[in-house]
Amino acid sequence: MSFVCPLCHAPLTEQSTQFRCPAGHQFDRAKEGYVNLLPVQHKRSREPGDSAEMMRARRAFLDAGYYQPLRDAVTAVLSGALPEDGRVLDIGCGEGYYTSAFAGALGQGSECYGLDVSKVAIRYGAKRYPQVRFCVASSHRLPFADRCFDAVVRIYAPCSAAELARVVRPGGILVTVTPGPRHLVQLKALIYREVQLHPNREERLEGFELVQTLTPGWTMQLPGDQARALLQMTPFAWRARPEVWQQLDEAQAFACETDFVVRVWRRQEG
């Protein structure tokens, strides 16, 4: 399986170091192995996605294993539901921490793709995990053919239900991960006077049937540098006052809860 052109949606043919469609649109393969399928007219900013600083913080935190129970839970779902030659897409894959585990859990005939809007993250992931096919692309314009995936994973990443339904084959699965009510509540308490718990909303995705819900959660004991890295990779880091950063830097151990909601959806026929 290959990509489709983000401009005209025709299939892309791989030619040495390039991908080309019949209309003549071409996209170069980077030396790290990924392909950039995010045309400038589809960008919302000059460098969309996470910055290099956020990516480094997330890499340090994830490499330390604090979110491994979540990775193991999603990997187990995929392993139990897919054939050995299954095709999997990780949307909003970042630097590939979860994606690499998915690729390793499937058979030799499988294909695993990672997609993110951040070129910084994709470049790093492609260098580190050559078993994954990475691309820079918009999650709202997935550069893949209809019904081509046995499974799609969406950890926090935005994506329209219509696009998800388009690329997942009938009978295939979608795995979504969202924060549960108490996710990182202790970290938020350092920043906000009144901590608002995440709303526990029932999500509905047209074309999919919810078949399983998991709620993994655990308490982490973080040294100061890892607590800082965790804060840096959150969307509320910009609200942290200087004294919050100092408090985390000086912490011997910072206890913080995780709370996730993992939902497994089955693509309906039709």
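This is a predicted model: local features need pLDDT of at least 70, side-chain atom pairs count only at pLDDT 80 or more; totals for chains, interfaces and linings use all residues.

Trainee: Which residues of H7 are buried?

Mentor: The buried residues are Gly224, Gln226, Ala227, Ala229, Leu230, Leu231 and Gln232. Because seven of the nine residues of H7 are buried, this helix is largely enclosed by the rest of the structure.

Trainee: How do the axes of H7 and H8 cross?

Mentor: The axes of H7 (residues 224–232) and H8 (residues 242–250) cross at roughly 145 degrees and come within 6 Å. On the H7 side the contact is made by Gly224, Ala227, Arg228, Leu231 and Gln232, and on the H8 side by Val244, Trp245, Leu248 and Asp249.

Trainee: Let us turn to the sheets. In what order do the eight strands of the open sheet stand?

Mentor: The order is E4-E7-E6-E5-E8-E9-E13-E10, and the pairing is mixed. Strand E4 (35–36) and strand E10 (208–214) stand at the edges; each has a single partner strand, so one side of each is left without a neighbour in the sheet. Within the sheet, strand E5 (residues 87–91) pairs with strand E8 (residues 149–155) in the parallel sense, over four bridges. Ile91 stands opposite Arg154 in E8.

Trainee: Which strands does helix H3 touch?

Mentor: Helix H3 (residues 97–105) packs on the sheet and touches E5, strand E6 (111–116) and E8. The direction of H3 makes about 170 degrees with that of E6. Helix H4 (residues 119–128) also packs on the sheet, touching E4, E6 and strand E7 (133–136), and the direction of H4 makes about 165 degrees with that of E7.

Trainee: What is the order of the three strands in the other open sheet?

Mentor: The order is E1-E2-E3, with antiparallel pairing. Strand E1 (13–15) and strand E3 (26–28) are the edge strands, each with a single partner, so one side of each is left without a neighbour in the sheet. E1 and strand E2 (residues 18–20) pair over three bridges, and Gln15 stands opposite Gln18 in E2.

Trainee: How should I read a pair of aromatic rings?

Mentor: A pair of aromatic rings is described by the distance of the centres and the angle of the planes. In this model the count comes to 13 aromatic pairs. One of them joins Tyr97 and Tyr98, edge-to-face, at 5.0 Å centre to centre and with 80 degrees between the planes. For Phe144 and Phe149, the centres are 4.9 Å apart and the planes stand at 75 degrees, so this pair is edge-to-face.

Trainee: Is Phe149 buried or exposed?

Mentor: Phe149 counts as buried, at 0% relative accessibility, and Phe144 is buried at 1%. Ring pairs link both into a cluster with Phe3, Phe19 and Tyr113.

Trainee: Where does the charged end of Arg71 sit?

Mentor: The charged end of Arg71 sits over the ring of Tyr97, 4.1 Å from its centre. Tyr97 itself is buried, at 5% relative accessibility. Elsewhere, Arg59 lies over the face of Tyr124, at 4.5 Å from the ring centre.

Definitions and conventions: Residues are numbered from 1 along each chain as its sequence is written. Side-chain values use heavy atoms; hydrogens and water are left out. Two strands pair if DSSP finds at least two bridges between them. Helices (H or I, at least four residues) and strands (E, at least two) are DSSP runs, numbered from the N terminus. Contact means heavy atoms within 4.5 Å. Axes are lines fitted to C-alpha atoms, for helices over the stretch in contact, and angles run from 0 to 180 degrees between N-to-C directions. Rings of Phe, Tyr and Trp (its six-membered ring) pair if their centres lie within 6.5 Å; planes under 30 degrees apart count as stacked, over 60 as edge-to-face and the rest as tilted. Buried means under 20% relative accessible area, exposed over 50%, partly exposed in between (1.4 Å probe, protein chains only). A charge sits over a ring if NZ of Lys or CZ of Arg is within 6 Å of the ring centre and within 35 degrees of the ring normal.
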